[in-house]
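Reader: I'm new to this one and would like to know how the labels get attached. Could you show me the structure, and then I'll ask?

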Amino acid sequence: MKHAAYFLLFLSLVFASCEDKDNTPSAEKEKISSKIRNGIILKENMLKVEQAYLTYEDGSLVPSENKIDINQKVLMRLVIDGWKEENGKVVIGASEKISTSENQVILDSKDLFETYPEGVDAKDAKLITLSAVITELDKLYDHFLVEFRVWDKKGGGAISGSYKLY
């Protein structure tokens, strides 16, 4: 009988600790639970980003501080909807620019998909991956700014944005 009383006391403590005591406004709760991570800033035009996040090459998520090592590849994953599809294909464009905190440009790629003039399969266009690697430092910088743009060459929609690596 004594064990049953302890068990009931334990259960009541568990339920009390599960009570929602969060006074965060609902708009902030949505922002916190958002599927846009790693400080990625986005501007959408006719394309919709369902998810945006950073991973390492092994698939593990980059922590929210975006700290990386030299020569460590970072992959930005964009889950996108709204492409104009023709004959099961989507014609994509993507650019990426990486600069230092002192505005020194170290990479400026104008169209990463120019080798696909016929487009890619529409199902493959749902997940776009852009990579960034800092291969060497000539001095210490506060951060590296990665700016990107992904656009629909047939439909006119575009997404632009940026994130910082430390």
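Reader: How do you know that β2 and strand β3 pair, and in which sense do they do so?

Author: Bear in mind that this is a predicted model. Two strands count as paired if there are at least two bridges between them. β2 and strand β3 (residues 74–81) have 8 bridges, so they pair, and the sense is antiparallel. Y56, for instance, stands opposite V74 in β3.

Reader: What makes β2 an edge strand?

Author: The open sheet has 3 strands in the order β2-β3-β8, with antiparallel pairing. β2 (48–56) pairs on one side only, and β8 (127–132) does too, which puts both at the edges. On average, neighbouring strands of this sheet are turned by 20 degrees against each other, direction ignored.

Reader: How do you know that β5 and β6 pair?

Author: Same test: the cut-off is at least two bridges, and 4 bridges join β5 to strand β6 (residues 105–109), so they qualify, running antiparallel.

Reader: Which residues have the most contacts inside the largest nonpolar core?

Author: That core has 33 residues, and the ones with the most contacts inside it are L78, W83, I92, Y163 and L165. Strands that each supply at least two of its residues include β2, β3 and β5 (92–100).

Reader: What does L78 touch?

Author: Leaving out residues up to four places away in sequence, L78 touches several others, among them L42, V49, I128 and F148.

Conventions: Residues numbered from 1 in each chain as written. Predicted model: local features only at pLDDT ≥ 70, side-chain atom pairs only at ≥ 80, totals over all residues. Heavy atoms only, no water. Axes fitted to C-alpha atoms, helices over the stretch in contact; angles between N-to-C directions. Core = buried A, V, L, I, M, F, W, Y, C linked by side-chain atoms within 4.5 Å. Buried < 20%, exposed > 50% of the residue type's maximum accessible area, 1.4 Å probe, protein only. Contact = heavy atoms within 4.5 Å.
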